[in-house]
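Okay, everyone, thanks for coming.

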Amino acid sequence: MADIISLLLPFFGLILIGYAAAKATKQPAEALGWLNTFIIYAALPALFFKLVSRTPIEELTRVDFIVTDIAATYAVFVLLFAIGRFVRGDALDDCTIQSFAGAYGNIGYMGPGLALLALGEGAAVPVALIICFENALHFIVAPALMAAAGDDKRSAGRLAADIARKVALHPFILSTAAGFAVAALHLDQPLAFQRLVDYLAQAAAPCALFAMGVTLALRPLKRVPAEIGYIVPAKLILHPMAVFLALTAVGGFEPVWIQAAVLLASLPTATNVFVIGQQYGVWQERASATILITTVLSVASVSLWLIAIRSGLLSLQLFP
């Protein structure tokens, strides 16, 4: 238990420091803009490039791993969508955002730092692959469903072009693709360039976690939405369990790959869910509340998942 605390204390401590700094300084949300720009366009892309470019290319082509992980994630998404649509009778756009709230974890900001800290360099490749491909698919699914709901007024051709451009030009995707190219071609990177990438990559986790704490402080909890009753267990318990069962059933993956996927799936709701809701004017306040509540509760739930990983429970072979 002391080992788990030593892992999580600096991690969640950075979020708490960001939260406290925002409360103490009372600066407007716009003040966070340049830090977010640095994180999204420099630090995290450098980290993804570093992880991928220094990995043997054969480890980067595990299509079976990506397909299985995404299938498990979207099984949770579909389940929540069905609950919202057919049990609660919610509108299509509301169902879309709340389904993302239960299946879209904060993998970009929280994933790399925690997984590498807890699991070591062996988790680097699965983490980079999950972040790249899950984000790419989320960028496609969200606007497509919003268009179906009538909240996106763009024509079908314009929508498809905008989605393709957003996916192709996103810094996470570009940096991962560049890393793939370097690994595939066995290119030697100049020492000065490697040092620059290392400096930027080292800043990714601290800056991202601090910014996340600030963001949580700037979105105070006004009311607890009724949907929290099933979204929270879906995100913090069902999602990682579904990923574990799917990867174990398929088999053939290194234990650290399964553990990394489960750890990323156990993370709280992504701040991007609020961004999506804000973009379309849907479920904004409830998205903000969900992010805050899942983040607070994840201190306990992520600890339990880490205990399961460290104890060897997630290494058990459930399927022959």
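Let me start with a term: two rings of Phe, Tyr or Trp, with the six-membered ring taken for Trp, count as a pair if their centres lie within 6.5 Å. And please keep in mind that what you're looking at is a predicted model.

With that term in hand, here's a cluster for you: Tyr74, Phe77, Phe81, Phe100 and Tyr104 are linked together by ring pairs. How many aromatic pairs does the count come to? Nine.

Let's look at one of them. The ring centres of phenylalanine 48 and phenylalanine 172 sit 5.0 Å apart with the planes at 85 degrees, and since anything over 60 counts as edge-to-face, that's what this pair is. Phenylalanine 48 belongs to helix 2 and phenylalanine 172 to helix 8, so the pair ties together parts that are 124 residues apart in sequence. Both phenylalanine 48 and phenylalanine 172 are buried.

Another pair is phenylalanine 65 with phenylalanine 253: centres 5.6 Å apart, planes at 75 degrees, so again we call it edge-to-face. Here phenylalanine 65 is in helix 3 and phenylalanine 253 is in the loop between helix 10 and helix 11, so this pair ties together parts 188 residues apart in sequence. Are these two buried or exposed? Phenylalanine 65 is buried, at 0% relative accessible area, and phenylalanine 253 counts as buried at 9%.

Now back to helix 2, residues 33-53. Its 21 residues, at 1.5 Å each, should span 30 Å, and the C-alpha atoms at its ends are 29 Å apart, which agrees. That said, there is a bend in helix 2 of about 40 degrees, at isoleucine 39. Isoleucine 39 is also one of the buried residues of helix 2, which include Leu44, Pro45, Phe48 and Val52 as well. What do those buried residues pack against? Helix 5, helix 6, helix 8 and helix 9.

Staying in helix 8 for a second, that's where you'll find threonine 176. Threonine 176 has 1% relative accessibility, so we count it as buried. Its side chain reaches the backbone oxygen of phenylalanine 172, at 2.7 Å, and you'll remember phenylalanine 172 from the ring pair with phenylalanine 48. Leaving out residues up to four places away in sequence, threonine 176 touches Phe48, Val52 and Cys132.

Quick reminder: a disulfide is a covalent bond between the sulfur atoms of two cysteines.

Next, tyrosine 109. You'll find tyrosine 109 in the loop between helix 4 and helix 5, and it's buried, with a relative accessible area of 12%. Which residue's side chain makes a polar contact with that of tyrosine 109? Asparagine 36, at 3.0 Å. Other residues touching tyrosine 109, beyond those up to four places away in sequence, include Ile39, Leu44, Leu209 and Met212.

Over to helix 11, residues 255-265. Helix 11 is mostly covered, with nine of its 11 residues buried. Trp257, Gln259 and Leu263 are among them. The buried residues of helix 11 pack against helix 3, helix 5, helix 6, helix 10 and helix 13.

Last stop, backbone angles. Most residues other than glycine have a negative phi. Lysine 26 isn't a glycine, yet its phi is positive, about 55 degrees. Tryptophan 283 also has a positive phi, near 55 degrees. Where are they? Lysine 26 is in the loop between helix 1 and helix 2, while tryptophan 283 is in the loop between helix 12 and helix 13. Lysine 26 is exposed, with 66% relative accessible area, whereas tryptophan 283 is buried, with 5%.

That's my tour, so over to you.

Definitions and conventions: Residues are numbered from 1 along each chain as its sequence is written. This is a predicted model: local features need pLDDT of at least 70, side-chain atom pairs count only at pLDDT 80 or more; totals for chains, interfaces and linings use all residues. Side-chain values use heavy atoms; hydrogens and water are left out. Helices (H or I, at least four residues) and strands (E, at least two) are DSSP runs, numbered from the N terminus. The expected span of a helix is 1.5 Å times one less than its number of residues. The bend at a residue is the angle between axes fitted to the seven residues ending there and the seven starting there. Buried means under 20% relative accessible area, exposed over 50%, partly exposed in between (1.4 Å probe, protein chains only). Contact means heavy atoms within 4.5 Å. A polar contact is a pair of N or O atoms within 3.5 Å; within protein, one must be able to donate a hydrogen and the other to accept it, and residues adjacent in sequence count only if both atoms are side-chain atoms. Rings of Phe, Tyr and Trp (its six-membered ring) pair if their centres lie within 6.5 Å; planes under 30 degrees apart count as stacked, over 60 as edge-to-face and the rest as tilted.
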